[in-house]
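Reader: I'd like to talk through this model before I set anything up. Could you bring it up on the screen?
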Amino acid sequence: MRKVLEPLRQEAIQRWQALQNSDKPVILVGAATCGRASGALDVMAAIEDKLREQGRDAIVRQVGCIGKCHSEVLVDIIKPGRPRITYGHITPELAKQLVEDYLVNDNPRTDLAVCAASGEETDIPCADELPDSKHQIRVVMCNCGHIDPGSIDDYLAQDGYMGLAKALEMTPQEIIEVLKQSGLRGRGGAGFPAGRKWESCLKAKSDQKYVICNADEGDPGAFMDRSVLEGDPYSVIEGMAIAGYAIGASKGYVYVRAEYPLAIRQLRLAIQQAKEKNLLGKNILGSGFDFELEIFQGAGAFVCGESTALVLSIEGRRGMPKPLPRPRTTEEGLWGKPTLLNNVKTFACVAQIIHRGAEWFKSIGTEKCPGTAVFALTGKVNKSGLIEVPMGIQLKKIIYEIGGGVAGGREFKAVQTGGPSGGCLPADLLDLPVDFDSLTAAGSMMGSGGMVVMDDSTCMVDVARYFLEFTLEESCGQCTPCRVGTEQMLKILHDICEGKGREEDIDLLVEMGKAIIDGSICGLGQSAPNPVLSTIRYFRDEYEAHIREKRCPALVCKKLIYYRIDPDKCQACGRCLKACPVQAITGAKKTPHVIDLSKCTKCGVCFEICPDRFSAVERKTGQAEELN
Amino acid sequence: MVTLYVDDLAVSVEKGSTILDAARKLGIYIPTLCYHPDLTTFGGCRVCMVEANGKLVTACRAPVEEGMVVRTDSSAARQVQRTVVELTLSNHNGDCLTCVKDSRCKLQEVANYVGITPERMAMLRSAVPEVEVDESNPFFKLDRTRCILCGICVRTCQEINGVAAIDFGFRGHKTTVVTIGNKGLAESRCESCGECLERCPTGALARKDYEQPSREVKSVCPYCGVGCGIYLGVRGDRVVSVRGDKDSPVNSGQLCVKGRFGYHFINHPDRLTAPLIKRDGVFVEASWDEALDLVAARFLETAKHYGPDALAGISSARCTTEENYLFQKLLRFLGTNNIDHCARL
């Protein structure tokens, strides 16, 4: 089949090289959802306007997310004979200026540049040597931000479809052997060996089988799957086609959230193009293998990311996970037929594993968890964004080197991995290697790849409450421990945050959390108490301060803090007095101001407005009466 | 047959049985809330969790295995059972005295079994939903503050009656039993058969005018010719309730809306208790002999003057087959074949 692919490939490579060696400048705009939210489309329009105005010719292309969300909007410019320079924080005005300065006047504007492709531009750091690039290895996201997601030729020129072409020359069992040897584990969170799952689906006897890609990414703060679909949808489609051939399925579904309109659009376009090139549809590459792909839009229920709920959702029924014992989805899934369900990133790895071989994949990451992990790094970190690192990398390398450390020079307190079902890990676990097993052992989880960094201004009880609120709303409501248990735990956490916690509450939370884990039907309930249990495990003193001393050490819980004006520092400037929305502050010229705590709503306006040079307004926690 | 051990006792049950079946065969109690023998298993309440070969499973769903060792009283199982019951109670309207299911409530039974203490309950926060009772149905009400979301009503409506008027709606702690479009039961596809409230383990679905009968009388439903077996609940000389007779081969305990709720005519003041004869344009009470003599005389007189085909008889679906047989016999004796039956309509 590789012979059939070759002419398509050669044509694509020629086009790609023509683009790389073009005598016109090439301008790439990062226009995935993250870029667009920062104004990428306006930047692009500004660039095109300016080019027209200047009578300059350039090739302007949209690409996906390269991961540097901290510097959006990102614009790359490749001038003929010059290295590719990446510019960050570009606004429409800056874009126009950049076109004029660099394209017209040949000033590369090193002040706006983030990095350059090679070290030739001495004033611009080399892309590979940036601290945030150094530890990253791109497998899943290797094409994101480089290719135009709307052009299958771009993908073909990056060895795209070599995996499928090779797979079609192999037997299904051979493909599964390669997958098993590669040690690939499902990237959806649980880390189940992909090869074993595929094998069980291959062995299931049926006239019809299905392949489903789970793109129902619902964790707050997670956007890995979205970025892959927006930046390189072909890798997922190719992986699914290989899966279809390997297990004997002729039909596949991509279950993607309706909240991802751009991903859906790119995917639809990619499916269309793949069909036109006979890389999907009937008799793919003349192999006799048929594979159709359909997009199914999820309606926004987090629980539909669970495999059995997802299957029910496609069938048009209420998405509720099926309780055990039940047949495996690989044996009895969609419409009762054997169904292979994998995450976006899992499928994105497959084509490369087949193309490059199991040994190549195993050379990345750890022995038990080969390959890379993709994380959406967010929170109180200097460089938030999408990162891809080898499995087994230490947490501190991610946070301090790739993420550039804690924002605002504050102190690191905890990192939350695994989304709302994960746990919070403290500073003394920063040496922990990041892989499925180590994170689980530490009371957190890999999850689908959210990573939220928290600094010392974060209250851990409040954080636990935030994540529990999410799972409470997103529980399917079927089983008692999850439905009522999360509500009960949340009510207790509310009380603790309001200073109404009771001495026995911590033990009650632990006991209840364990029973919810033991008693719940699906992974959502079985992991919902994790944020609470892990914060109690590592930050018990904060819970105790809330309960025993009615103090919130991080000064977050509104009911436990109060504001006070230091009479020695107050310059009686009247700013806070005027700004207070409830007239709780009294005073006059030359009379230090005083906050009437009975009127104060703790909105914090006085704290914010007091000039830094005075810093007279203090936020405090504990018993206000003692201090006043 | 499969042999297993439940709390150290050996028991043999058929292959495909559940742990719950095996335990019940031994007379070992396992608490259940969402399980109902008439319905498919749901496995949502999680109160029947036991330890089987060291793993926590729901007894109502887990199939037995040869040599399986089941502990219904292991500390891990008890912990989950108790937490589930405590959580359910924290979410449940605890005003038992005004509940029609008081003393017949499955939740009370299970709570008594797992051992609920006031100290433990005082540790929990109340999470009883504030929702209005759906009183739209004329016969029964749906009080969601007493609903434990076992789904028995949902499955009954789908599996027993094939109506599917209700299902789970909304998500998480807002999950509730709803009709299509979340309208009142009276506006839904509900046929008011009342099968759901017969199976509701708590007082969430309950009769509106419920009176506990002082005794029950076995009878046959008078509404149609099917002949469903019923028990009439009686207080003094009043019929206060009807329930289906589970042992009746005709209906296995099921009833329709008429049979279950349409018994008020029995004690209704407008009900005819004696034959009436119209005299001078006014109906006047008469004896049976008097009335039957009059009817017989008129029949014969009409037949004599106009021929027997001037007579016709319409029988009722409320008659039994035997009564209908006798009725056609009577009319043929009178010489006519003009016989009809309301069930034909």
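Reader: Where does A:V73 lie?
Author: A:V73 sits in the loop between β2 and β3 of chain A. Please keep in mind throughout that this is a predicted model.

Reader: And what is the peptide bond from A:E72 to A:V73, cis or trans?
Author: That peptide bond is cis, and its omega is near 0 degrees.

Reader: OK, what about the bond from A:L324 to A:P325, and where is the place of A:P325?
Author: The bond from A:L324 to A:P325 is cis as well, with omega near -10 degrees, and A:P325 belongs to the loop between α13 (307–314) and β9 (339–343) of chain A.

Reader: Which value does phi of A:K590 take?
Author: Phi of A:K590 is near 65 degrees, which is a positive value in a residue other than glycine. You will find A:K590 in the loop between β16 (585–588) and β17 (591–595) of chain A.

Reader: Switching to charges: how many salt bridges are there over all chains?
Author: A search of the whole structure gives 64. One of them joins A:K68 to A:D132, with their closest N and O atoms 3.5 Å apart.

Reader: Now the interface, please. How many residues does each chain put into the contact?
Author: Chain A gives 38 residues and chain B gives 37 residues. Between them the two chains bury about 3,000 Å², with 53% of that on carbon and sulfur atoms.

Reader: Which residues of chain A lose the most area to chain B?
Author: Those are A:R318, A:R483 and A:Q488, which together account for 18% of what the chain A side buries.

Reader: How many salt bridges and polar pairs cross over?
Author: The rule finds 6 salt bridges across the interface of chain A and chain B, and it finds 22 residue pairs in polar contact there, both residues being at pLDDT 80 or more. As an example of a salt bridge, the side chains of A:E511 and B:R82 meet with 3.6 Å from N to O.

Reader: Which elements of chain A supply at least two residues to that side?
Author: They are α18 (460–474), α19 (480–497) and α20 (505–519) of chain A. The largest share, 10 residues, comes from α19(A). Sorted by class, the side of chain A that touches chain B holds 15 nonpolar, 10 polar and 13 charged residues.

Reader: How many cavities of 30 Å³ or more does the rule count, and how much space lies in the largest?
Author: The count comes to 6 cavities of 30 Å³ or more, and the largest cavity holds about 270 Å³. It is lined by 29 residues, with B:C153, B:C157, B:I166, B:C196 and B:L205 lying nearest its centre.

Reader: And which elements of chain B give two or more residues to that lining?
Author: β6 (140–142), α5 (152–160) and α6 of chain B do, and α5(B) makes the largest share with 4 residues. By class, the lining of the largest cavity divides into 21 nonpolar, 6 polar and 2 charged residues.

Key. Residues are numbered from 1 along each chain as its sequence is written. Chains are lettered from A and ligands numbered from 1 in the order in which they are written. This is a predicted model: local features need pLDDT of at least 70, side-chain atom pairs count only at pLDDT 80 or more; totals for chains, interfaces and linings use all residues. Side-chain values use heavy atoms; hydrogens and water are left out. Contact means heavy atoms within 4.5 Å. Buried area is the accessible area (1.4 Å probe) that two parts lose on being put together, summed over both. A salt bridge is a side-chain nitrogen of Lys or Arg within 4 Å of a carboxyl oxygen of Asp or Glu. A polar contact is a pair of N or O atoms within 3.5 Å; within protein, one must be able to donate a hydrogen and the other to accept it, and residues adjacent in sequence count only if both atoms are side-chain atoms. Ala, Val, Leu, Ile, Met, Phe, Trp, Tyr, Cys and Pro count as nonpolar, Asp, Glu, Lys and Arg as charged, and the others, Gly among them, as polar. On a 1 Å grid over the protein atoms alone, a cavity is a set of points where a 1.4 Å probe fits but cannot get out, and a pocket is an open set with protein on both sides within 12 Å along at least five of seven lines; lining residues have an atom within 4 Å of a point. Grid points are joined across faces, edges and corners, and a volume is the space filled by probe spheres set on the points.
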